[in-house]
Amino acid sequence: MPTSDSPRPLLGRKVSLVHPAWHSCGTYRVVLGQIAAYRALGAEVFPIAIGTDPGYVPERRWIWRDFLRSTPELDDGPRYFGGTPFRAMLEPKFLGEVLWPYLHGDQAIIRTGFAERSALSPEAERQSYDLVHCNHFFLMPVAERLARGEARVLLDSHDLQARQFALMNERMPWLKPHVSYETMLAEELAYMRRADLLIHLNAREDEEFRAMLPEKTHALLYPAVPEAPTGPGGPDVVLVASNNSANVESVIWFLREVAPLAEGVAVKIVGNVDAGVRSRAAALFERYRSWFLGRVQDPAAVYASARLALLPTISGHGLSIKTVEAMASGLPLIATTLALRGMGEQALSLPGIVVADQPQAFARALQTAAAAAPPSARERENAASRAYYQAHFSAEAYRRNLVGLIAPLLGKTGALSARTESFER
């Protein structure tokens with residue numbers, strides 16, 4: 001936690017932070033870390049949440065009610081909004097160039113199409129920014145509008161999105177011919193080329209995007225993930241997951257393949273993944289209904305009263321934020337190899353993390369860990385997984401690395417240069 005005496009190299013700078021209006025997911029946790037970092041560095045931050053569905057315009061505050069209720073962490077400062085008016089969807093250009101491709105599965109073009117037509121909070125749009133930090137390529141039209149050709153634009157890629165879109169399309173009844181992965185990837189790369197600096201949240205995507213966009217400037221910057229409490233501890237075995245396709249598949253795999261082999265062990269499944277499991281595997285959900293707690297207001301409290309965390313990930317791409325949160329808690333972890341994706345090889349061999357990819361191995365590890373003495377708060381505080389978190393994913397590590405990246409974008413001259421060098425020392 002920075003003190004009043006901490007260096008503030010961005011003092012007097014204005015930063016617009018553009019992000020999708022999502023909550024209860026990894027992107028939201030990343031955005032919170034970005035906002036906290038810029039404020040700690042002295043910048044005046046303007047977070048702008050962009051609705052990814054039509055109708056979420058700033059003046060219709062009632063439509064934002066669920067988002068506002070689900071994101072109390074953003075109440076610490078001013079909040080701004082943006083979204084596409086319904087009338088924009090009736091324009092011939094939108095119908096022909098955006099909606100028609102979307103009906104064939106083009107997830108990329110519908111998102112950028114909405115962003116291009118978004119109305120923004122006037123207070124945020126009229127500012128003159130020093131830097132625009134954009135999350136996800138499909139919000140680049142908003143970022144460019146705010147930059148006005150003057151501010152530099154930093155783009156956080158948040159995974160290779162075309163790959164996520166292709167997964168989403170597998171279960172959707174699109175018109176034929178279906179859009180290809182290659183088409184959506186080309187659209188994604190075209191928007192990424194318009195940023196001044198490309199930031200990647202995990203090692204795999206950093207390598208892939210460097211190969212596909214060699215002419216651009218890239219940086220691997222692990223996100224700042226909020227601290228998780230290391231005690232006081234309790235009896236709970238926890239599995240935390242939000243409602244996205246990869247998490248739903250992983251929870252179903254765990255309940256279907258692992259849980260029957262780990263008799264006598266009860267698990268608390270936390271997060272809005274319950275809705276996805278109920279929809280995709282109703283009978284399985286009913287069998288384990290008592291294990292599902294649904295969305296909780298304070299995810300950190302889940303780890304505080306736990307003895308063991310499970311990461312049975314069998315699907316997904318990009319860095320797993322829930323894995324990082326679990327590591328921050330210092331709890332013993334049972335994880336699949338895929339849960340640790342995007343991290344260094346060291347993560348696969350950290351003491352306190354059991355890697356098990358087969359159901360039988362996962363179940364054996366679960367029964368063994370559940371029968372062992374729970375770790376003390378001191379043991380959790382000093383856990384190897386928590387030390388790994390602090391070195392790579394803590395707020396301090398993020399601030400240190402971020403300021404080194406953006407100083408050249410802002411022009412490392414005068415007072416900024418002096419403040420930055422003081423921070424780096």
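Student: Hi! What should I know before I start?
Tutor: The model is predicted, so local features need pLDDT of at least 70, side-chain atom pairs count only at pLDDT 80 or more, and totals for chains, interfaces and linings use all residues. Residues are numbered from 1 along each chain as its sequence is written, and side-chain values use heavy atoms, with hydrogens and water left out.

Student: Okay, which domains does the protein chain have?
Tutor: Domain 1 covers 14–220 and domain 2 covers 236–393; such bounds come from an automatic or database domain assignment.

Student: And how far apart are the C-alpha centres of domain 1 and domain 2?
Tutor: They lie 29 Å apart.

Student: How many residues are in contact there?
Tutor: 19 residues of domain 1 contact 13 residues of domain 2, where contact means heavy atoms within 4.5 Å.

Student: Switching topic: which residues of H7 are buried?
Tutor: In helix H7 (residues 161–169) they are Gln161, Ala162, Arg163, Phe165 and Asn169. Buried means under 20% relative accessible area, with a 1.4 Å probe and protein chains only. Helices here are DSSP runs (H or I, at least four residues), numbered from the N terminus.

Student: What covers those buried residues of H7?
Tutor: The cover includes H4, H8 and helix H9 (203–212).

Student: At what angle do H4 and H8 pack?
Tutor: H4 (residues 107–116) and H8 (residues 181–192) pack at about 35°, with axes 8 Å apart. Axes are lines fitted to C-alpha atoms over the stretch in contact, and angles run from 0 to 180 degrees between N-to-C directions.

Student: Which residues of H4 and H8 meet?
Tutor: Gln107, Ala108, Ile109, Thr112 and Glu116 in H4 meet Met184, Glu187 and Tyr191 in H8.

Key:
Helix = DSSP H or I, 4+ residues; strand = E, 2+ residues; numbered from the N terminus. Buried < 20%, exposed > 50% of the residue type's maximum accessible area, 1.4 Å probe, protein only.
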